Amino acid sequence: FTHLSLMRDTRLKQLHELRVMAENEPGDVIIAGDFNILAGLPELDILLGDGRFALANNPQDATFRLFGRHYLLDLCVVNRALLP
């Protein structure tokens with residue numbers, strides 16, 4: 001479970017660290033939490049870019065509302081093998 005930074009540069013570093021940790025796990029991996037990807041799903045390319053991991057959320061479902069805008073911030077990323 002994670003809560004990533006609101007600061008983009010710090011968040012990108014945290015995503016890199018999560019990727020390294022996930023790759024070093026011998027079993028299946030589930031990463032869930034508040035990712036704070038205010039710039040949108042492309043920020044997740046660090047985790048999802050090569051297809052090993054996948055987003056378990058429906059990308060169309062917002063999880064947070066702020067000043068009338070809807071964001072997908074609370075995410076679940078898993079090994080692709082865990083998805084149907």
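Where do Arg-19 and Glu-23 lie, and how many residues apart? I looked them up: both lie in helix H1, four residues apart, about one turn of the helix.

**Ground rules.** I'm working on a predicted model, where local features need pLDDT of at least 70, side-chain atom pairs count only at pLDDT 80 or more, and totals for chains, interfaces and linings use all residues. Residues are numbered from 1 along each chain as its sequence is written, and side-chain values use heavy atoms, with hydrogens and water left out.

**Helix H1.** I found H1 at residues 8–23 (helices are DSSP runs of H or I with at least four residues, strands are E runs with at least two, numbered from the N terminus). I noted Arg-11, Leu-15, Leu-18, Arg-19 and Ala-22 as buried (under 20% relative accessible area; exposed is over 50%, partly exposed in between, with a 1.4 Å probe and protein chains only). They cover an arc of only 100 degrees around the axis, so they sit on the same side of H1 (the arc uses directions from the helix axis to the C-beta atoms). On the other side, Asp-9, Lys-13, Glu-17 and Met-21 are exposed.

**Salt bridges.** I count three (a side-chain nitrogen of Lys or Arg within 4 Å of a carboxyl oxygen of Asp or Glu). Arg-11 pairs with Glu-43, closest N and O atoms 2.7 Å apart. Glu-43 is in the loop between S2 and H2, so this pair ties together parts 32 residues apart in sequence. Both Arg-11 and Glu-43 are buried.

Arg-19 meets Glu-23 at 2.7 Å, N to O, and Asp-50 at 2.5 Å. I noted Arg-19, Glu-23 and Asp-50 as a linked network of salt bridges.

Note on methods. The expected span of a helix is 1.5 Å times one less than its number of residues.
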